Amino acid sequence: MTLMEDAKKGVITSEMEAVARSEGVEAKMICSCIAKGTITIPNNTQRECRLIGIGKYLSTKVNANIGTSRDYINIDDEVEKARTAQAYGADAIMDLSTGGDLDLIRKRIMDAVELPIGSVPIYQAAASQKAVVDMTSDDMFNAVRKHARDGVDFVTVHAGVNLNSIQRLKKGDRITNIVSRGGSFTYAWMIHNGEDNPFYSEYDYLLDIAREYDMAVSLGDGMRPGCIHDASDRPSFMEFITLGELVKRTREADVQCFVEGPGHVPIDEIELSVKGMKNLCDNAPLYLLGPLVTDIAPGYDHITGAIGGTFAGMCGTDFLCMTTPAEHLALPTNDDIREGTIVTKIAAHAADLAKEGQKERARAIDDRMAHARRNLDWDTQFSIAIDGERARQIRESRITGSGACSMCGDLCAMKIVNKALEEEEEGK
């Protein structure tokens, strides 16, 4: 039985209890939301991983993308990136490898970390042929089954890219057309073969595989906007409508899912995108890349993504996919993964400070930091900080004998007021 089947019968499993403990909520609530499809716990039956809940009332989670490219294949580097992402707070990892021995790369990454692992099987299907357009529907589904059997906890499939959405794209005025790699593979295959997307036309077969391994389905946004100009357009919303229909079918099959979203979105349209997707997809957990709020910051897109991610989280996004300083420029280094993970963790926590079900818990953490700052308790500050290691390095590289930071020294406002309050208390 799948976890969703158990939930629909009101059976509270050990997985639900574990997530409830980690989130500080009732297991009964977790069970109820899984049954409705508003919370997902990705956990393939073939592999034990850290249990995380994604969805309503839960803390905002962070995913880190890693993986080889055909231009640069170094498995050890990708394994180290996975470990770095886990060490700095990522909740899940996606292997997006396209170059080298994909089976070996995936296995090495899965062995290296305890986090839930996601993948995009169409990359492997495409790699089995000389050209993307030459892969068959059997290649696509065989890749899904292979990943499921290997223990992948969630797979991205671009099932919303179909003949209908392609017509919307052709009639639109997009600048960047399709920027999703899986979406572009699917589009090229459909045009070349004159057939609809197999992941859409044979979606029930996909669900059969996912159900067998209790593997979650991540409904990919193949039509996501790749620049600010293309945000909130007809192809985007056409895909949202299709994904909403697929969410319904996924739940009916007792398979867990979440929905992926844009992309590049100006900040004044983020609420429209998030609430539109949530409404059209019946409140399925929402997984966003970014969104990036401007196109003109290459080298700093981890920051443009964090700005968008914070606001998107406030509006109801459940799962943020990090971007790194290398976004749009190059394959990220280990340092890029570290920085991207940390910046996205900051965005996730900032969103939780204003999020239903998490506000009280998140603000209690900030209150602990505030008390530690008032008391000039540096060790406690470092233990609470999202990146305490860097905070400690900065302080200790410029330390003074005042006990405060070197910005103010003896003129520290906290120190002055603390001393004044002590003197007032002694004078009573």
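Start your tour by selecting helix H7, residues 137–150, where the buried residues are Asp139, Met140, Phe141, Ala143, Val144, His147 and Ala148. Here, buried means under 20% relative accessible area, exposed means over 50%, and partly exposed lies in between (1.4 Å probe, protein chains only). Helices (H or I, at least four residues) and strands (E, at least two) are DSSP runs, numbered from the N terminus.

Before you go on, please note that this is a predicted model, in which local features need pLDDT of at least 70 and side-chain atom pairs count only at pLDDT 80 or more, while totals for chains, interfaces and linings use all residues. Residues are numbered from 1 along each chain as its sequence is written, and side-chain values use heavy atoms, with hydrogens and water left out.

**Along H7**

Helix H7 has 14 residues and reaches 20 Å from its first C-alpha to its last, close to the 20 Å expected at 1.5 Å a residue. That expected span is 1.5 Å times one less than the number of residues in the helix. Now click on Gly151, which follows H7 and has a positive phi, near 105 degrees.

**Into the strands**

Next, select strand E7, residues 216–219. Which way do its side chains point? Ala216 and Ser218 point one way, Val217 and Leu219 point the other way, and all are buried. In a regular strand the side chains alternate between the two faces of the sheet.

Two strands pair if DSSP finds at least two bridges between them. Look for Phe154, which stands opposite Ala216 in E7.

Leu219 has Val259 in E8 as its bridge partner. From E7 the chain crosses through helix H12, residues 234–252, to E8, and this β-α-β crossover is right-handed. Right-handed means that, with the strands pointing away from the viewer, the path from the first strand over the helix to the second runs clockwise.

**Salt bridges**

How many salt bridges does the structure hold? There are 25, each one a side-chain nitrogen of Lys or Arg within 4 Å of a carboxyl oxygen of Asp or Glu.

Select Lys81 and Glu78, whose closest N and O atoms are 2.9 Å apart in a salt bridge. Because they are three residues apart in helix H4, residues 75–87, Lys81 and Glu78 are separated by about one helical turn. Lys81 and Glu78 are both buried.

In helix H5, residues 102–112, find Asp103 and Arg106, which are three residues apart. Their side chains meet in a salt bridge (2.6 Å, N to O). Asp103 is partly exposed, with a relative accessible area of 30%, while Arg106 is buried at 2%.

For a network of salt bridges, select Glu5, Lys8, Arg211 and Asp254.

Now pick Arg338 and Asp387, a salt bridge with its closest N and O atoms 2.9 Å apart. This pair links distant parts of the chain, 49 residues apart: Arg338 is in helix H15, and Asp387 is in the loop between helices H17 and H18.

**Last stop: the largest pocket**

Asp387 is also one of the residues closest to the centre of the largest pocket, along with Ile346, Ile384, Ala385 and Ile386. Helix H15 gives the most to the lining of this pocket, with ten residues.

How values were computed
On a 1 Å grid over the protein atoms alone, a cavity is a set of points where a 1.4 Å probe fits but cannot get out, and a pocket is an open set with protein on both sides within 12 Å along at least five of seven lines; lining residues have an atom within 4 Å of a point.
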